Amino acid sequence: MKNLTTEDIRTLSPYVPGKPVEELERELGITGSVKLASNENPLGPSPKAVEAMRGMLTGVNRYPDGAGHYLRAALSKKYAHPIEGIILGNGSNELLEIIVRTFLLEGEEAVMAAPSFVVYKMAAQASSRKSVVVPCVDGKHDLAAMADAINANTKLVFIANPNNPTGTMNTAAEFDAFMARVPEDVIVVMDEAYFEYATDPEYADSLKHLKAGRRLVILRTFSKAYGLAGLRIGYGLSTPELVDLMNRVRQPFNTNMLAQAAALAALGDSAHIENSVRVNEEGKKYLYAELGRLGIKYIPTHANFIYMEMDRAAGPLYDALLKKGVIVRPMGPTQLRVTIGLMDENRRFINALETII
Ligand SMILES: Cc1ncc(COP(=O)(O)O)c(C=O)c1O
């Protein structure tokens with residue numbers, strides 16, 4: 001018999017997504033639960049995005065624009081970056097896979113941090129490529145240690161800034177020092193899924209390095225602050241050379257018509273982003289105060305979620321919260337991650353947690 005698949009795929013742990021509200025409510029026979037598990041925008045999508053999709057609905061018998069021209073043109077204008085250096089993905093997640101399949105050749109390695117976004121390692125393993133994992137320090141990417149981990153076989157470095165699940169960020173000074181040590185032929189993937197929430201003035205400026213001609217892929221998404229996670233659309237900013245190669249691997253119609261239209265409209269609704277960031281800041285302030293009152297340790301966040309270090313096993317705590325209709329995310333033996341929600345959702349979480357502990 002032939003092997004059905006590779007050993008690497010056989011031993012791959014599937015990505016565990018946050019539990020959908022509908023599934024939880026069906027299982028427990030409850031209603032009115034809140035999902036604070038997947039770092040989604042609790043305000044929903046921009047009304048302009050919804051309106052734009054409405055206008056497209058009767059046209060879905062046609063294939064979408066495979067080049068995503070209008071959205072890429074708008075992104076090109078927004079970032080003053082050539083349209084040839086912009087690629088759309090079915091979520092930034094798809095771009096992570098395309099990057100691995102396009103650039104990580106046999107015998108080459110990817111450097112990444114832990115804990116960080118698990119898809120980097122999964123994508124490498126699915127292609128039977130080696131990951132070199134560098135531990136975070138206090139939840140934050142140790143960029144000096146990651147630069148140390150680069151060797152002659154290194155092709156890719158994945159950095160999540162802000163990091164998921166810890167919410168930490170790397171500063172411009174740290175990233176500049178890191179880039180000065182990265183060889184020119186190594187591709188740095190700056191995953192900035194939570195970019196819009198990172199308002200700290202020290203936040204690393206990756207675009208500057210791309211504009212200076214470095215081999216960078218900057219990933220951003222419409223799934224988080226833009227509130228379009230269900231549509232699956234994200235984008236990469238890179239050099240025209242790298243984008244041209246990724247386009248050969250990308251499926252011709254990887255982003256759909258509704259997603260392209262909604263993303264384009266959402267991009268023009270800066271008030272919705274400002275409002276989303278403001279609601280996030282308010283929720284953050286409330287949760288910091290309440291977690292402090294409950295004596296729960298957490299890492300200050302630059303994103304729309306908070307990573308908490310509990311004094312007990314996270315699994316039973318997660319289950320107990322579920323039974324109270326609050327979905328969070330267990331992230332390690334004693335770690336939980338909670339998405340910052342609307343104020344009444346944040347209160348639901350704190351009340352449930354306080355009752356349990
Ligand atoms: C750091 C990071 N990168 C990428 C993604 C993927 O986002 P999407 O595929 O929805 O754009 C996520 C989603 O949780 C994330 O946290």
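How many nonpolar, polar and charged residues does the shell around the ligand have? By class, the shell has 3 nonpolar, 6 polar and 3 charged residues, where Ala, Val, Leu, Ile, Met, Phe, Trp, Tyr, Cys and Pro count as nonpolar, Asp, Glu, Lys and Arg as charged, and the others, Gly among them, as polar.

This is a predicted model, in which local features need pLDDT of at least 70 and side-chain atom pairs count only at pLDDT 80 or more, while totals for chains, interfaces and linings use all residues. Residues are numbered from 1 along each chain as its sequence is written, and side-chain values use heavy atoms, with hydrogens and water left out.

**View A. The residues around the ligand.** Among those surrounding the ligand are Phe117, Asn164, Asp191 and Tyr194 (a heavy atom within 4 Å of the ligand).

View B. A backbone N or O atom of Ser92 sits 2.7 Å from a ligand oxygen. The side chain of Arg232 places an N or O atom 2.7 Å from an oxygen atom of the ligand, and for a polar side-chain atom of Lys224 the distance to a ligand oxygen is 2.9 Å. The protein covers 94% of the 400 Å² of accessible area that the ligand has on its own (Shrake-Rupley method, 1.4 Å probe).

**View C. Helix 4, residues 69-79.** Leu71, Arg72, Leu75, Ser76 and Tyr79 are its buried residues (under 20% relative accessible area, 1.4 Å probe, protein chains only).

Methods. Buried means under 20% relative accessible area, exposed over 50%, partly exposed in between (1.4 Å probe, protein chains only). Helices (H or I, at least four residues) and strands (E, at least two) are DSSP runs, numbered from the N terminus. A polar contact is a pair of N or O atoms within 3.5 Å; within protein, one must be able to donate a hydrogen and the other to accept it, and residues adjacent in sequence count only if both atoms are side-chain atoms.
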